[in-house]
There are 2 protein chains.
Amino acid sequence: MAESSSSRVILAFRGHPFLTRQEIQDSTGLSRVTVSQVVQELIDGKVLTEADQLPSNGGRKANSLAINPNYGFIGICYFSATTMTIAVSDLSGQIKNKRREINLIEEGPNLALQNATNWLQDALKGITKSKLLGIVVGVPGPVEHQSGVVINPPIMRGWDGINIREHFFQTFKVPVFLENDVNLMVIAEHRLIYPDIDNLILVKMSTGIGSGLIIDGRLYRGSQGSAGDIGHIQLDALKGLPCRCGHHDCVESFSSGWALVEKLKGMGYKVKTVSDLVSLARKGDAEVTRLLNEAASYIGHAIADSVNLFNPSKVIIQGRISEASDRVLATIKEVVYQRASALASKNLEIVGSKLDEDRGINGAAQLGIEEFFFLNRGNA
Amino acid sequence: MAESSSSRVILAFRGHPFLTRQEIQDSTGLSRVTVSQVVQELIDGKVLTEADQLPSNGGRKANSLAINPNYGFIGICYFSATTMTIAVSDLSGQIKNKRREINLIEEGPNLALQNATNWLQDALKGITKSKLLGIVVGVPGPVEHQSGVVINPPIMRGWDGINIREHFFQTFKVPVFLENDVNLMVIAEHRLIYPDIDNLILVKMSTGIGSGLIIDGRLYRGSQGSAGDIGHIQLDALKGLPCRCGHHDCVESFSSGWALVEKLKGMGYKVKTVSDLVSLARKGDAEVTRLLNEAASYIGHAIADSVNLFNPSKVIIQGRISEASDRVLATIKEVVYQRASALASKNLEIVGSKLDEDRGINGAAQLGIEEFFFLNRGNA
DNA sequence: AATCTTATGTAAATTCCTTTACAAAAGGTT
DNA sequence: AACCTTTTGTAAAGGAATTTACATAAGATT
């Protein structure tokens, strides 16, 4: 109940990095007088900064305002299957002090978490302790969002039930947010590339297969936090292929990196990792290309199902498998447009990702900024 | 901008039919003084009524307040494949003046809409014109929610592009809401039976197959209004069965009423309608029972996919096919629990519907009350 | 009966925001 | 240079909701 009008002004900046005083009036509904006063207070309090002047519309130039990027910072720790990335984001989403190290997630949490906190402390040197607003941790597995615990992760061996939130909280004493990696990626795509698309799906085809959902402009996690689990949809009447999830004939057992590597091994190829596979594809190996095309067709079936159920206006395809060959995206498009219902595919666009490999970190930054700055700022 | 505090008080009654002044304070955040004053004004204006006194908690009894059911009314017109139901709802959701007539939707809109407006005018006799807040129309096909138009309906022959909203608006000059029948059903289930479940799916297995989605407590329509189209998910590597949607091997072509009737015809049975099929099932015809079980298994696959993608905490199965035999629900449960991922099925409940055949009308009433009374009340 | 407890009513002072009105800054147009 | 337009600042008056304080209603507890 502290100061409702100043928090309304701050909230107006969510999704809008730059606003003039007039735009703040329009979006908050506050009067010109109040906006004028509150903005001045927030500038004095270093929460907002006066940014560039905008070109004139026939009269006085408007002054563009922005959240002061240095008002506070978000600590980020992002685990992929094979690496750990530590970084810090300011309130504009700018990433600094990024450090990426090899870390095999399947080697368990002990050393990984130890290193994570140490390196994050390094990355935070020079930042006043009170300016650390919170920490976002991204992991390649299902998380229970409420409790901050990893649950039944298929590839994070040894992490089941580990309370990652608690670990970071012990050291830093700030709010900690644990989130699935694909969810962070779809947040990045939505906030940075497609902020005006209300319903979109991001499908990641890499070692495993997963998807993240933006519904009505917000991340949708589902009741247990497992929404978007497209990888373990089962395709029917097929070969009885065992999947690492315990079922069989999951999409993952046909279209994922690990499944394709296994298949190539069985065919006598000397491949060990997804990277080996990608190299072969880039060299134009005919058999590998054929396999990728087949994989695209299978995941296309699952995406078509997803499109029928969700009716999104955009599907983003991402991941090392989808980027190994141009045919993958093309084949997915063909299959989805052929199989999804006419209505659902009418205004549907299927595209590749426009972000670089830092998309997970960018998503973590966006999530952190929104959660800690826009929603949870007590009465700072 | 009229009177924010009185509309905040009214809004508090959304989803809470009875509230005491204290509870209104808690949910609106308004002060005791303001609530006291505003409630008195609203009682004087006949918007609220003093309901029963509640049992004492050790002191003075609380006075329960409620929206005055007779403050306004919602007109309802609900089309199924074979009937049209006209009714009126008060603001408590109580249905009155219900009239159900045979109407084959495939005979087109002309006579149907003519009758609908006439009968609705009859049903509204005795209600002051200014008390009609709006009209909700339910139809068994996809609708463009924004414009109030039916689009590409598979079973509503002749209705494509018909602006139903405009037709009713011409006669009644009040806001008109067009909504898909399954969406109305899932609204009814959520608001009346499971108000505290945030994510749920209702699957209707009747002549056709469809589903409606409640996400984060609200109806989810998707970008084109076609979300929940579970009936035209394609099952793979199967028999190349043509579906009435133009594709082949859709769930509908295996598990729907019309598909089963066709199949029985092909087997020499003398069945013409889904009702004939249901009669046979109730008589315990072994072959029909076997077919129903098979149908349940197929739709179970699609529901499992849906569960993986949405991670709801409840799935409601409804419709004449699912109610034709107890085995249908049982088989669906088996298939879904076996196929859906462990995490998504962990806290999942699959249940039959607890509402009667008026569920669509009840949903229309709920939708109308929320849209017209809680959201769109200019400054009445 | 006397005394809690809970639920509500009302008057006075205060805070916050709005409306209204007057100004000024800073550019474009003629 | 004179006059637009757009954007922002500020002071004064008014309204709406809050806090504070006092009061009452009505049942439970002892």
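This is a predicted model: local features need pLDDT of at least 70, side-chain atom pairs count only at pLDDT 80 or more; totals for chains, interfaces and linings use all residues.
**Surface near DNA strand D**

- In chain A, helix H2 (21-28) and helix H3 (32-44) each give two or more residues to the surface near DNA strand D.
- In chain B, helix H1 (4-11) and helix H3 (32-44) do likewise.
- H3(A) gives the most to this surface, with four residues.
- By residue type, the surface near DNA strand D has 15 polar, six charged and four nonpolar residues.

**Relation of the two copies**

- Chain B is superposed on chain A by a rotation of 180° with 0.0 Å of shift along the axis, at an RMSD of 0.1 Å.
- The two copies are therefore related as by a two-fold rotation axis.
- Both copies use the same surface, since 100% of the contact residues of chain B recur in chain A.

**Contact between chain A and chain B**

- In this contact, 39 residues of chain B meet 39 residues of chain A.
- On the side of chain B that touches chain A, helix H10 (286-310) and helix H12 (342-346) of chain B each supply at least two residues.
- H10(B) gives the most to that side, with six residues.
- The side of chain B that touches chain A is made up of 17 nonpolar, 16 polar and six charged residues.

Key
Residues are numbered from 1 along each chain as its sequence is written. Chains are lettered from A and ligands numbered from 1 in the order in which they are written. Ala, Val, Leu, Ile, Met, Phe, Trp, Tyr, Cys and Pro count as nonpolar, Asp, Glu, Lys and Arg as charged, and the others, Gly among them, as polar. Copies are superposed by least squares on the C-alpha atoms of residues with pLDDT of at least 70 in both. Two residues are in contact if their C-beta atoms, placed from the backbone, lie within 7 Å.
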